[in-house]
Amino acid sequence: MLAVAAEPPFAAATSHVLRGRTSEGASLALTLRGGRIVRVRVTLRRYVCVPQGDIAPTRIDATTDARIGPRRRFGFSAGAPSERLRVDGAITASGTGARGSLRLRGTIGTGDPCRSPRVTFRLGAPPRAAAAARA
């Protein structure tokens, strides 16, 4: 009998949402469909403009069409040039989680530059060791 490998959840034609937290403790969600990331929603707790200072929190909800590569890696930019989000990361081997980093760069109405610090994230189920320690 021939064994057929199950398709990872992120490769399915239906939408699959990975949710979790950033290193700032804010929420992040990536919507996946057919081996692509089609939407990103994140809140950034720091977004500093010069000379205005920190104008966060800032909520980003952007559509994209970013391919997930054969090694489960992804990298994409989303949003208008005035508020451009860069996200890089990888889907876990099980396809039920992701980890990576992101940064927001842009300008405000005066043309002054703004940027967030680099923020890391972990989405999906907690690692087995952490889940077992909580039990």
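Let's start with sulfur: cysteine 49 and cysteine 114 form a disulfide, with an S to S distance of 1.9 Å. A disulfide here is a pair of cysteine sulfur atoms within 2.5 Å. The count by this rule is one.

A word on the source. This is a predicted model, where local features need pLDDT of at least 70 and side-chain atom pairs count only at pLDDT 80 or more, while totals for chains, interfaces and linings use all residues. Residues are numbered from 1 along each chain as its sequence is written, and side-chain values use heavy atoms, leaving out hydrogens and water.

Back to the bridge. The link of cysteine 49 and cysteine 114 is right-handed, with 105° about the S-S bond. What does the pair tie together? Cysteine 49 sits in strand β4 (residues 48–49) and cysteine 114 in strand β10 (residues 113–115), so the pair ties together parts 65 residues apart in sequence. Strands are DSSP runs of E, at least two residues, numbered from the N terminus. Both cysteine 49 and cysteine 114 are buried, meaning under 20% relative accessible area (1.4 Å probe, protein chains only).

Next, the core. A nonpolar core is a set of buried Ala, Val, Leu, Ile, Met, Phe, Trp, Tyr and Cys residues joined through side-chain atoms within 4.5 Å. The largest one has 27 residues, and Phe74, Phe76 and Leu102 touch the most other members. Strand β3 gives the largest share, four residues.

Last, threonine 64. Which strand holds threonine 64? Threonine 64 lies in β6. Threonine 64 is buried, at 16% relative accessible area. Beyond four places in sequence, its contacts (heavy atoms within 4.5 Å) include Ile37, Val38 and Phe76.

Key
Buried means under 20% relative accessible area, exposed over 50%, partly exposed in between (1.4 Å probe, protein chains only).
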